[in-house]
Amino acid sequence: TGSPVLMWPGGIRRDHSCSSHRDLERMNMGKSGLRVSCLGLGTWVTFGSQISDEMAENLMAIAYENGVNLFDTAEVYKVYISLVTHCVLFRRSSFVITTKIYWGGQAETERGLSRKHIIEGLRGSLSRLQLDYVDIVFANRNDVNSPMEEIVRAMTFVINQGMAMYWGTSRWSAMEIMEAYSVARQFNLIPPVCEQAEYHYFQRDKVEVQLPELYHKIGQTPSYSDGVPECSRAAMKGYQWLKERVNSEDGRRQLVKIKELHLVADRLGCTAAQLAIAWCLRSEGVSSVLLGVSTTEQLLENLGALRVLSFLFFSSSSYINISIDALLGNKPHSKKELRS
């Protein structure tokens, strides 16, 4: 029998037939025709601050060799994407690089989403990355001081100038995305194609309810998510705010549930990280999950989440989904479900 192929919003297809890491599933990034691996490599914390240049290069090479074609950066990240282009088999056209614009320098004109900062910030990112263009530039949170029309026009400009292929949003509300889409349609500009959202066991409503409802209204936008638990970064220097969140009352309750999820993973014969990543990927609204790793062992372990996904999450009614929902006790419900 053939392996199941699920049709996703916007024509996204997910094929569960992959038999090795090298055959990582490819998904459409949001409404675009850009095909990305269902697992991407993020650089939020580890690259440039937690690991050496040599380890960064090794991680990117191993990820690429194992089917990862999505590498996520930002204008304030100290990363070494340029090293990748010097590696054997790394053709620039064969992988996807994203960057985010918002936080730049100390001056007020060096942050936010003004036309000035979007253009200058992206040029700065390209210079640091030693690249001619990025595939996707993200507006990293909305800027209340910048008119939406200015943001959309600036993003359209950098795309028309060849500095980026697409633009997307990061940590925007559904209402803000809707406004950007409406402005783009009104003035014949380029709309965002995807949203990068925080999504994990304890942050579910946006990806599972709000964005799907938005898709049904305007045909937009599956997302990709940072699926790395916050508690794994809380002890790092410079991330006191994460430590405080983990040590809060809610954080302690979440840690109790995480311990229970470790037991679930043990019973399933996988690691807790693999279960968490597979759980994120099961959602129809997710195109790709970003991995945050600092060692090659972590990377290879996380790539093994695809095996967990293949065995456990063929449908939303699978027993493991139901048992995890019962354990978490926070499954969100759409307005339609609440009315019924």
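Residues are numbered from 1 along each chain as its sequence is written, and side-chain values use heavy atoms, with hydrogens and water left out. Because the model is predicted, local features need pLDDT of at least 70 and side-chain atom pairs count only at pLDDT 80 or more, whereas totals for chains, interfaces and linings use all residues.

The chain contains 13 helices and 12 strands, these being DSSP runs numbered from the N terminus (helices, H or I, at least four residues; strands, E, at least two). Of its 340 residues, 54% count as buried; here buried denotes under 20% relative accessible area, exposed over 50%, and partly exposed the range in between, with a 1.4 Å probe and protein chains only. Where contacts (heavy atoms within 4.5 Å) join residues at least 6 apart in sequence, 73% of them link residues at least 24 apart.

The largest nonpolar core comprises 78 residues, and the members that touch the most others are Leu39, Leu122, Val137, Trp167, Trp172 and Leu281. Another core, of 10 residues, lies apart from it and includes Met29, Val96, Phe138 and Leu290. Such a core is a set of buried Ala, Val, Leu, Ile, Met, Phe, Trp, Tyr and Cys residues joined through side-chain atoms within 4.5 Å.

Helix α3 (residues 115-129) and helix α4 (residues 148-160) have axes that come within 9 Å and cross at roughly 30 degrees. This angle makes α3 roughly parallel to α4, given that angles under 35 degrees count as roughly parallel, over 145 as roughly antiparallel, 65 to 115 as roughly perpendicular and the rest as oblique. The crossing of α3 past α4 is right-handed; a crossing has this hand if the near helix is turned clockwise from the far one by less than a right angle, and is left-handed if anticlockwise. On the α3 side the contact involves Arg115, Ile118, Ile119 and Leu122, which meet Glu150, Ile151, Arg153, Ala154, Met155, Phe157 and Val158 of α4. By class, the residues of this contact of α3 with α4 are eight nonpolar, no polar and three charged. In this division Ala, Val, Leu, Ile, Met, Phe, Trp, Tyr, Cys and Pro count as nonpolar, Asp, Glu, Lys and Arg as charged, and the others, Gly among them, as polar. Leu122 of this contact is also one of the residues that touch the most other members of the largest core.

The axes of α5 (174-186) and helix α6 (residues 205-218) come within 10 Å and cross at roughly 25 degrees. The two helices, α5 and α6, are therefore roughly parallel to each other, and their crossing is right-handed. Ala174, Ile177, Met178 and Tyr181 of α5 are in contact with Gln210, Leu211, Leu214 and Ile218 of α6.

Helix α8 (residues 249-268) and helix α12 (residues 319-328) cross at roughly 160 degrees, their axes coming within 10 Å. That angle makes α8 roughly antiparallel to α12, and the crossing of α8 and α12 is right-handed. Lys257, Glu260, Leu261, Val264 and Leu268 of α8 make the contact with Tyr319, Ile320, Ile324, Leu327 and Leu328 of α12. The contact of α8 with α12 has eight nonpolar, no polar and two charged residues.

Individual positions were also considered. Met27 belongs to strand β3 (residues 26-28) and, at 0% relative accessibility, counts as buried. Its C-alpha atom is separated by 7.6 Å from that of Ser288, although Met27 and Ser288 are 261 residues apart along the chain. Asn145 occupies the loop between β8 (134-140) and α4 and counts as exposed at 70% relative accessibility.

Most residues other than glycine have a negative phi. Gln130, in the loop between α3 and β8, has a positive phi near 55 degrees and counts as exposed at 58% relative accessibility. Asn188 has a positive phi near 60 degrees; Asn188 lies in the loop between α5 and β10 (195-198) and counts as exposed at 71% relative accessibility.

Note on methods:
Axes are lines fitted to C-alpha atoms, for helices over the stretch in contact, and angles run from 0 to 180 degrees between N-to-C directions.
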